[in-house]
Amino acid sequence: MNFEPYKIKVVEPIPITKREDRLKYIKEAHYNVFFLPSSVVTIDLLTDSGTSALSKYQLSAMILGDESYAGAESYYKFEEAVRKYTTKLQVIPVHQGRAGERIITISLLKKGDIVISNTLFDTTRANFEFGGAIIYDIPEEHDIESEYPFKGNIDLNKLEDLLKKHRDRVRFVVLTITNNSGGGQAVSIENVRETKFLCSKYGVKLLIDACRVSENSYLLKLRDKNYSNKSILEIVNETLSYADIITFSAKKDGLNHIGGFIALDDRELAEEFRSYLVLFEGFPTYGGMAGRDLEIISVGLFEGIDENYLSHRINQVKFLVESLCKINIPVMRPFGGHAIYVEAKRFLEHIDESEFPGQSLVVALYIEGGIRAVEVGKFMFKDARYNFVRLAIPRRVYTKSHLEYVVDIFNLIKEKRHKIKGMKIVKESRFLRHFRSYLEPVENWTNEL
Ligand SMILES: Cc1ncc(COP(=O)(O)O)c(C=O)c1O
């Protein structure tokens, strides 16, 4: 069975635009798709974050939202749900993942501290660097087209070397699960266990950025024979049991449009976090969310571990990976949990990395088919190893025919890829430059495409 495991109750019309208008829209957006209004985007694969469709159970839970400032009933439900999901006792609600990252930065980091990770997500890195930390991203290295099942892993040898060398300066180690900026790839349970072992050996805390841990657990169930008979909740629980601190953006596997939490067992540290929570977010029983969001997430966390749902979701990613491979588009393999990563430099070999082939492909996808994707390469991270274009799949939103359309557009672009040229930045923003910088096509190639 591989049909959508849901029926559609409410529909949202999709904007259909003309090519000549798209040329105008992308120019007006300074060739940065973050400036495009969604009303001119046909298939929006910019992100899987906060873009899920809600279920009837979530919508009805929403009505139960207790909006009391202190001690809201919805908070206690949320606390119980998060405890069941994470196994941690202290639950600190935040309005989204980066709000938790900010609280952790202010509480724990000072200038010159070191943070080591399998790969930090962009907002996490930006927050920690803002706090003065030096970041080491040390993913295991694999060829992007190899079928190694756990490419999201941290390199344990490099980790131990760094821990030995900088023991006093390493503030914590972070595992991002799944590894979003590293290709949405799965992290193995052994890797989490071994990382925890090394952290304990060197007296360093392990932080897990867990916003896609349900998807990771499904991939573990598929790929690790020791876990094939375990429930997703058991795998989530075991994975998170190794963390000292968990950060979670509920906009992903929490199946809500906003929200998140920090969870931990250390009561004293939790109190420190709560003092900043009051300053930046809100009272500890709502922490920047409305009561209704606490209710929706309490339901969403468990809909997100339903195996029918996960099987369909991961199969959507697999379908796109396999279909693009069939037409020789270079994509990261094997399939990950939430997105497809096309290696744009291998696809547009004639474009120099300094001219952002990934951003050129993003622009071409929009002009050709009104598809919005995002560059995760040298434009996003100056020192990126690859020039990925990420096509993230929103949860429970698109059907197979939408994905087939994406494949058709890739096929059309493939035929005229030699016409695509590079991009240049004409105005660069200070932090997280991919969000707000202006670009222009080199040699005006967009009109000729
Ligand atoms: C791995 C990871 N960590 C943290 C975040 C930040 O979460 P938020 O967007 O809720 O601030 C994201 C968002 O996409 C993410 O993918």
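Me: Which helix does V363 lie in?
Reply: Bear in mind that this is a predicted model. V363 falls within residues 357-369, and that stretch is helix 14.

Me: Is V363 buried or exposed?
Reply: The cut-off for burial is 20 or more other C-beta atoms within 10 Å. V363 has 26 C-beta neighbours inside 10 Å, so it counts as buried.

Me: Which residues does V363 touch, leaving out those up to four places away in sequence?
Reply: Contact here needs C-beta atoms within 7 Å. With residues up to four places away left out, the partners of V363 are I26, Y31, M423, P441 and T446.

Me: And what separates the C-alpha atoms of V363 and S55?
Reply: Along the chain, V363 and S55 are 308 residues apart.

Me: Why does the radius of gyration of the protein chain agree with a compact globule?
Reply: A compact globule with 449 residues would come out near 22 Å, so that is the value to hold the chain against. The C-alpha atoms fill a box of roughly 60 × 55 × 45 Å along the principal axes. The chain agrees with the globule value, as its radius of gyration is 21 Å.

Me: How much of the contact count in the protein chain comes from residues 24 or more positions apart?
Reply: The chain comes to 16 helices and 14 strands. Taking contacts with a separation of 6 or more, the share from residues 24 or more positions apart is 70%.

Me: Why is helix 8 largely enclosed, and which helices do its buried residues pack against?
Reply: Nine of the 11 residues in helix 8 are buried, so the rest of the structure largely encloses it. Among those buried are E215 and K221. They pack against helix 7, helix 9 and helix 12.

Me: Which elements give two or more residues to the shell around the ligand?
Reply: The ligand is surrounded by 14 residues, with Q96, G97, R98, F121 and S249 the closest. The shell divides into two nonpolar, nine polar and three charged residues. The elements giving two or more are helix 4 (97-108) and helix 5 (122-130).

Conventions. Residues are numbered from 1 along each chain as its sequence is written. This is a predicted model: local features need pLDDT of at least 70, side-chain atom pairs count only at pLDDT 80 or more; totals for chains, interfaces and linings use all residues. A residue is near a molecule or strand if its C-beta atom, placed from the backbone, lies within 6 Å of it. Helices (H or I, at least four residues) and strands (E, at least two) are DSSP runs, numbered from the N terminus. Ala, Val, Leu, Ile, Met, Phe, Trp, Tyr, Cys and Pro count as nonpolar, Asp, Glu, Lys and Arg as charged, and the others, Gly among them, as polar. The radius of gyration is taken over C-alpha atoms; the globule rule is 2.2 Å times the number of residues to the power 0.38. Two residues are in contact if their C-beta atoms, placed from the backbone, lie within 7 Å. A residue is buried if 20 or more other C-beta atoms lie within 10 Å of its own, exposed if 12 or fewer, and partly exposed in between; C-beta atoms are placed from the backbone.
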